[in-house]
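Please read the following briefing alongside the sequence and the coordinates.

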Amino acid sequence: SMANDASPEGEGPRTRRTVTVADGTALAKGTLMVFEGGTRTAVAHASVTQRFAGITVREKEASDGYVEVPVQTGGVAEIEAAGQIHAGDWVVLSATANQVRRININGALSYQELNALVGVALQNAAAAADKIDVSLGRPF
């Protein structure tokens, strides 16, 4: 398990969906997943301008025969920050795997930022690697 995995255990209802993954993929519980490729197909978050699909709720071993994994899409999850975040900030996928950053505070909301939206920070993060609770979901 990677040190900066998100924790999908939290308060409130934890809405889930299932995404398709490659059998050969190993995933730690708490991996931020992004849509890529075919319908409902997802891979581990690795960079900016990706489309958030959810957070893995269990570990998946490589080549275990499973090609679907459940991901959390609602409720509260603990996620690592990529830098300073204030409670109430909308957070999006950052350029660093398994970390979120606050939405661009200078200028208009972009298509890329909207696609990368993870949720709303419920706690402050002072610096990169701080773990904060995030209310997952989108306002639509």
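Throughout this briefing, contact means that heavy atoms lie within 4.5 Å. This is a predicted model, in which local features need pLDDT of at least 70 and side-chain atom pairs count only at pLDDT 80 or more, whereas totals for chains, interfaces and linings use all residues. Residues are numbered from 1 along each chain as its sequence is written, and side-chain values use heavy atoms, with hydrogens and water left out.

**Overall fold**

- The protein contains 1 helix and 10 strands, where helices (H or I, at least four residues) and strands (E, at least two) are DSSP runs numbered from the N terminus.
- Along the sequence these elements follow the pattern β-β-β-β-β-β-β-β-α-β-β.
- The radius of gyration, taken over C-alpha atoms, is compared with a globule rule of 2.2 Å times the number of residues to the power 0.38; for 140 residues a compact globule would have a value near 14 Å, and the protein agrees with this because its own value is 14 Å.
- Taken along the principal axes, the C-alpha atoms fill a box of roughly 45 × 30 × 25 Å.
- Of the 140 residues, 40% count as buried, where buried means under 20% relative accessible area, exposed means over 50%, and partly exposed lies in between (1.4 Å probe, protein chains only).
- Among contacts between residues at least 6 apart in sequence, 59% join residues at least 24 apart.

**Strand pairing**

- An open sheet is formed by 5 strands in the order β1-β5-β4-β2-β3, with antiparallel pairing; two strands are said to pair if DSSP finds at least two bridges between them.
- The edge strands of this sheet are β1 (16-20) and β3 (42-44), each of which pairs on one side only.
- From one strand to the next the twist averages 50°, with axes being lines fitted to C-alpha atoms (for helices over the stretch in contact) and angles running from 0 to 180 degrees between N-to-C directions.
- Within the sheet, β2 and β4 run antiparallel and are joined by 4 bridges, and Val 34 has Phe 52 in β4 as its bridge partner.
- Elsewhere, β7 and β9 pair in the antiparallel sense over 3 bridges, and the partner of Trp 90 in β9 is Val 120.
- Strand β7 is also joined by 3 bridges to β8 (residues 99-102), again antiparallel, and here Val 91 has Arg 102 as its bridge partner.
- The hairpin of β7 and β8 has 5 residues between the strands, and in it Asn 98 takes a positive phi near 65°.

**Nonpolar cores**

- A nonpolar core is a set of buried Ala, Val, Leu, Ile, Met, Phe, Trp, Tyr and Cys residues joined through side-chain atoms within 4.5 Å, and the largest one here has 22 residues, those with the most contacts inside it being Leu 32, Ile 55, Ile 79, Ile 85, Val 118 and Leu 136.
- At least two residues of this core come from each of β2 (32-35), β4 (51-56), β6 (76-81), β7 (90-93), β9 (117-121) and β10 (131-136).
- Once neighbours within four places in sequence are left aside, Val 118 is in contact with residues including Phe 52, Ile 79, Val 91, Val 100, Val 134 and Leu 136.
- A second, separate core has 8 residues, among them Leu 27, Met 33, Ala 53 and Val 69.

**Loop residues: burial and contacts**

- Lys 60 lies in the loop between β4 and β5 (68-72) and counts as buried because its relative accessible area is 1%.
- The side chains of Lys 60 and Asp 64 are joined by a polar contact of 2.8 Å, a term for a pair of N or O atoms within 3.5 Å of which, within protein, one must be able to donate a hydrogen and the other to accept it, while residues adjacent in sequence count only if both atoms are side-chain atoms.
- Leaving aside neighbours within four places in sequence, Lys 60 is in contact with Val 21, Ala 22, Asp 23, Thr 25, Ala 26, Leu 27 and Tyr 66.
- Thr 31, in the loop between β1 and β2, is buried with a relative accessible area of 8%, and its contacts beyond four places in sequence include Asp 5, Ile 55 and Asn 98.
- Thr 39, in the loop between β2 and β3, counts as exposed at 71% relative accessibility.

**Positive phi values**

- Most residues other than glycine have a negative phi.
- Thr 49, although not a glycine, has a positive phi of about 60°; Thr 49 is found in the loop between β3 and β4 and is partly exposed at 49%.
- Ser 63 has a positive phi near 55°, lies in the loop between β4 and β5 and is exposed at 55%.
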